[in-house]
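Trainee: I would like to learn how to read a model of this kind, one feature at a time. Where do we begin?

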Amino acid sequence: MIENGPLLERLLEGEFICAVTDEHSFHKLQNAQLVEDLNHFLRPLNRRVAKSEDGAVYFLAYCDLNQQARQQLSHQFNATVQSLLPMLEWMQLVQEAMGKDGALSAGDTIKLQDFESKVVDNQSLSQRLAQLSSDKLFKSTSDKSDMQIKQVFKRIKELGYLYQPHKDRLFYIVTGKVEQLIELVRFIKDEENVPISDDISEQEAMF
Amino acid sequence: MSALVEAKSSAQSNPLYALGKERLELIGKHADALMQGYLQGHVDESSFSQQALDKLINGRILWRPDEQQPLSLRPNVNELIAGLTQDERKRQINSDVGEHLDLIHTRVQSLHGARQKGDYAASEHHMQLLTERVHDMTGQFGDAIESLWHRLNTEFGFVSSLDDKILEIELAQRQLRRILDGFKIINFDDLIQLAGSDGALRKLLVSQLQARISEHSGSLFEVQKRLVLLMARFRHQQERALLVNRMSAFLRQHPNFKVGDYANRSQVPSVINQAHGIIALGFIAIDRAQDSYALAELARAIPRDLVPALHSEKQTQGFATSIQDLVATEQKQLAKDVEDYFLHVIESSAAISGVEYLAEQQLPWEPEMWLFQIVAEYEGLPQQNKQSFMLKKDSDRHSPFNHLHIIEDVTLGMRFFDEFQATG
């Protein structure tokens, strides 16, 4: 168990472990026996190892949903929902600027320089960036695109959706936490009966 | 060797030889312009001389599909280039089997006819044509399968958008089905009958063909499986992109959209069950003797602060405990004023008297307390920072009977300024 100390600590700190952030630990966590051992240790802390539906990311969940845990979840969930629109808009912005047709997914790489040159060349993209960066999630006060981009990416890295392999290089990899966000979006859509999948043609006409 | 030369000369005597060679050379000669025509869909007539144009048209390389249309490459040439360059945008898959089988039947009948007449040369010729035909047919399937693999392995990279990729996969799936349907038309019982007792024919039409077709079928089923997987992946990506786009559009239109209180449901959905982070801090503990060496090492490794530590809250703490009746806020204010005094000295770079400063700023402190704090602050500075200041104490001997000195004033200046003066 000693050798898994650092991994446990990172999980306890609320980190999400995926193939991008820590491939070695990610593979370790695929071992059911280890997860059982970790869970045994985590039990007094009311925590257990959980994973996203597609298994792309591991994190800790509460075992016993007592009042305190529920309060914490409620608080956290509200924060996530509050930041949902800016996060989705950011995903769209990156997707469009980088000329991708699929939504961002774990393992996608973003070079900040490339992204910046694409955004600066396109007025509609730079306007959207300016609007997005002033959102309370990102709180950028700069009117320069490069500063806005830095601020936005810095915040998203803090939120755990991006991984920066080298501290001094502005090069990011999308983490598995994005998959968890997408699952949440899908869940909200189904749970709240958000009318976005019924009439495709009408919705498409809107875009 | 002599047989080869003989075969070569006999081929050269064929009138087709000269014509075909001339036309292949024609293609080579105009390769630049023809490739441009291939990519643009039509050729630029001005880049050819009239004579060359006539040659190319007569050579069945260029044609005009319609009176009003510009000259373009003939379909055969287009297909040739697409096949040579594995250009999947234009490569065509020909899965027509019926015609091949028809021709094979005809050839076999001609061959039998020639044999019955005992015409050895003619039967040889028919056998050659028949062999070619069979190879053409299997080669055509081979090409089609190779083209499918190529598209699959490049993940349909020749079209850029996801929607186009999905359409391309659908097309490939239809082509694949047509080839498999073509295989069904090949009836080996018929072919066995057709070959009769002739060993060479049996080998060509039955055993070889069967081996190739079963090989191709295996390959096709693998392609089919992979196409389905790739399609699933593309569809998944498409679904995610749509989900992101539509959800963000919905949220923009409904800024007051409220979601349920999932955390307080009897069944909390697993997607929101994420424990908050715990940071387990450890502190320096000296209750274990064996740790003392490591802790001492750590203490020594702490880098010294190079910036003058003018936040004197920490430094005056000893002072605070010794004069306990001093209200904490008042003491803070005193420390802050002394700090300002130090900053003032740094800025003015001339030595300033503490008592004068106190009067100038009309500060409420008793001079004795004030001077004490300045001295304490100065003494509390780290050694390196202390060296950049110079504190001069104006003291008087209190009485001739003892050595008690009373400090009447202090003057604080920057040391570098002094040095500057000394050298200047």
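Predicted model: local features only at pLDDT ≥ 70, side-chain atom pairs only at ≥ 80, totals over all residues.

Trainee: What percentage of the residues counts as buried in chain A, and what percentage in chain B?

Mentor: For chain A, with 207 residues, the figure is 33%. For chain B, with 424 residues, buried residues make up 17%.

Trainee: How should I read a sheet?

Mentor: Strands of a sheet pair through backbone hydrogen bonds, and the pairing is either parallel or antiparallel. In chain A, three strands form an open sheet in the order 1-3-2, with antiparallel pairing. Strand 1 (17-18) and strand 2 of chain A are the edge strands, each pairing on one side only.

Trainee: How many bridges join strand 1 of chain A to strand 3 of chain A?

Mentor: Two bridges join them, and the two strands run antiparallel. A:Cys18 has A:Val57, in strand 3 of chain A, as its bridge partner.

Trainee: Which helix lies across strand 1, strand 2 and strand 3 of chain A?

Mentor: Helix 1 of chain A does, running at about 65° to strand 3 of chain A.

Trainee: How is a pair of packed helices described?

Mentor: Two packed helices are described by the angle between their axes and the distance between the axes. Here, helix 7 (residues 123-133) and helix 8 (residues 145-158) of chain A pack at an angle of about 50°, with axes 10 Å apart. That angle makes helix 7 of chain A oblique to helix 8 of chain A. The crossing of helix 7 and helix 8 of chain A is left-handed.

Trainee: Which residues make the contact between helix 7 and helix 8 of chain A?

Mentor: Helix 7 of chain A contributes A:Ser126, A:Leu129, A:Ala130, A:Leu132 and A:Ser133. From helix 8 of chain A come A:Ser145, A:Gln148, A:Ile149, A:Gln151 and A:Val152. The residues of this contact divide into five nonpolar, five polar and no charged.

Trainee: How many residues of chain A are in contact with chain B?

Mentor: 44 residues of chain A are in contact with 35 residues of chain B. Several elements of chain A each supply at least two residues to that side, including helix 1 (5-12), strand 2 (47-51), strand 3 (57-62) and helix 9 (177-191). Helix 9 of chain A gives the largest share, nine residues. By class, the side of chain A that touches chain B has 24 nonpolar, nine polar and 11 charged residues.

Trainee: A:Val185 lies in helix 9 of chain A. Why does A:Val185 count as buried?

Mentor: The test is a neighbour count, and 20 or more other C-beta atoms within 10 Å are needed. A:Val185 counts as buried because it has 23 C-beta neighbours inside 10 Å.

Trainee: What does A:Val185 touch?

Mentor: Leaving out residues up to four places away in sequence, A:Val185 touches B:Leu243 and B:Met247.

Conventions
Residues numbered from 1 in each chain as written. Chains lettered and ligands numbered in written order. Axes fitted to C-alpha atoms, helices over the stretch in contact; angles between N-to-C directions. Helix = DSSP H or I, 4+ residues; strand = E, 2+ residues; numbered from the N terminus. Parallel < 35°, antiparallel > 145°, perpendicular 65-115°, else oblique. Left-handed = near helix turned anticlockwise from the far one by under 90°. Contact = placed C-beta atoms within 7 Å. Nonpolar A, V, L, I, M, F, W, Y, C, P; charged D, E, K, R; others polar. Buried ≥ 20, exposed ≤ 12 C-beta atoms within 10 Å, placed from the backbone. Pairing = 2+ DSSP bridges.
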